[in-house]
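Reader: I would like to learn how to read a protein model, feature by feature. Please take me through one.

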Amino acid sequence: RESIMAKDQIIVMGHRMADVDSFGAAVGIYRAAMVMEKKAYIVLDEINASLRPFYNAFHGNSHYPKDMFVTPAEAENLMNDNTMLVVVDTNRPEMTECPALLKRAKMVVVFDHHRQTSDTIENTVLSYIEPYASSACEMVAEMLQYIADDVRITNLEASSMYAGIMIDTNNFVTRTGVRTFEAAAFLRRCGADITYVRKVFRDDLEWYRAKSQIVSNAEIFHEEYAIATFSNEEIESPTIIGAQAANELLEIRGIKASFVLTEYYGKIYVSARAIDEVNVQVIMERLGGGGHINTAGTQFQHTDMEEAVKALKETIDMMIAEGDI
């Protein structure tokens, strides 16, 4: 609150390829700035298929200004000495929507629920990193209850933040604590529309078939690890399908961890998931990524799927031999 009051305008940004949690948390910070009568902007570059319904609900909505969302280039032009930069859902500089803003901002605040690594955002006036939180939306929902008396969140904002918690907890199944449900209850009281969120999250038939294809073609490695690959240039946002398929693979009895490798924009993205017996975070960190104990990921800077799968298997083998799994 003190930091927001000290500046004239607030710029909020999440991570590249923003997801619903990053978006919802940014919307929550935007509301906090509006409550304190500060001009605020949300930095958004690429808008994927899962995010578009929420984005469209705000964009063009007469209750919100036309410049609510800005591109990274526009955000750089807006940045001045009287601007506070708030980063949500990541604490790594290179993962942010616009790393250049970090160098120009005089005041930076970070809200994140991922574990800190060596390359974390520096020189922050406030760095609130809570790896035990389910999502960035949970953290922001908590903060909003204390930032001002009688803070009023609109139904649409509450629904977006509720959706962020749903996505990062896989429908309140993973990484949920008492505070997760308390944050969800607060958002529900603010008017979060669960039916609306459920409808937004429904897949179209093409996505459903793609997910089924990934699951049916999965390879079982060491009888405990499901590894699947996916490449389809015709489907929008295939990495989201890969992440959803990784969750589906965990429903197979005996599977301790699942890995889905998806080719997208000249890279291979890995979605790693586990329930409780394997720490996929440390596996992904070995491959240059990170995340949470049971939800993590990484990227290979190439499209050689065979090489990527080989690197993943070799890492699993090495960690089993070393006793790290």
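Author: We go through cores, a helix, backbone angles and charged pairs.

Author: This is a predicted model, where local features need pLDDT of at least 70, side-chain atom pairs count only at pLDDT 80 or more, and totals for chains, interfaces and linings use all residues. Residues are numbered from 1 along each chain as its sequence is written, and side-chain values use heavy atoms, with hydrogens and water left out.

Reader: Which residues touch the most other members of the largest nonpolar core?

Author: The general idea comes first. In soluble globular proteins, nonpolar side chains tend to be buried together. A nonpolar core is a set of buried Ala, Val, Leu, Ile, Met, Phe, Trp, Tyr and Cys residues joined through side-chain atoms within 4.5 Å. Buried means under 20% relative accessible area, exposed over 50%, and partly exposed in between, with a 1.4 Å probe and protein chains only. Here the largest core has 55 residues, and Val86 and Leu187 touch the most other members. Helix α2 (residues 20-35) gives the most to this core, with nine residues. Apart from it lies another core of 23 residues, among them Tyr225, Leu261, Met284 and Val309.

Reader: What is Val86 in contact with, leaving aside neighbours within four places in sequence?

Author: Contact means heavy atoms within 4.5 Å. With those neighbours set aside, Val86 contacts Ile10, Ile11, Val12, Met13, Ile29, Val109 and Phe111.

Reader: How many residues of helix α7 are buried?

Author: Start with the labels. Helices (H or I, at least four residues) and strands (E, at least two) are DSSP runs, numbered from the N terminus. Helix α7 spans residues 155-168. Of its 14 residues, 12 are buried. The buried ones include Leu156, Tyr162 and Asp168. Their cover includes α2, α3 (52-58), α6 (136-147), α8 (178-189) and α9 (194-200).

Reader: What span is expected for α7?

Author: The expected span of a helix is 1.5 Å times one less than its number of residues. For α7 that gives 20 Å, and the helix reaches 20 Å from its first C-alpha to its last.

Reader: Where do positive phi values turn up after α7?

Author: Most residues other than glycine have a negative phi, and most peptide bonds are trans. Just after α7, Asn170 takes a positive phi of about 50°. Phe172 has a phi near 65°. Phe172 sits in the loop between α7 and α8. Elsewhere, His222 has a phi near 55°. Its loop runs between β7 (219-221) and β8 (225-230).

Reader: Is Phe172 buried or exposed? And what of His222?

Author: Phe172 is buried, because its relative accessible area is 18%. His222 is partly exposed, because its value is 42%.

Reader: What is the nearest side chain of opposite charge to Asp112?

Author: For charge, Lys and Arg count as positive and Asp and Glu as negative; His and the chain ends are not counted. Asp112 lies in strand β5 (residues 107-112). Asp112 is buried yet has no salt bridge, and the nearest side chain of opposite charge is Arg92, 8.6 Å away. Arg92 is linked with Glu94 and Asp119 in a network of salt bridges.

Reader: Which side chain makes a polar contact with the side chain of Asp112?

Author: A polar contact is a pair of N or O atoms within 3.5 Å; within protein, one must be able to donate a hydrogen and the other to accept it, and residues adjacent in sequence count only if both atoms are side-chain atoms. For Asp112 the partner is the side chain of His114, at 2.8 Å.

Conventions:
A salt bridge is a side-chain nitrogen of Lys or Arg within 4 Å of a carboxyl oxygen of Asp or Glu.
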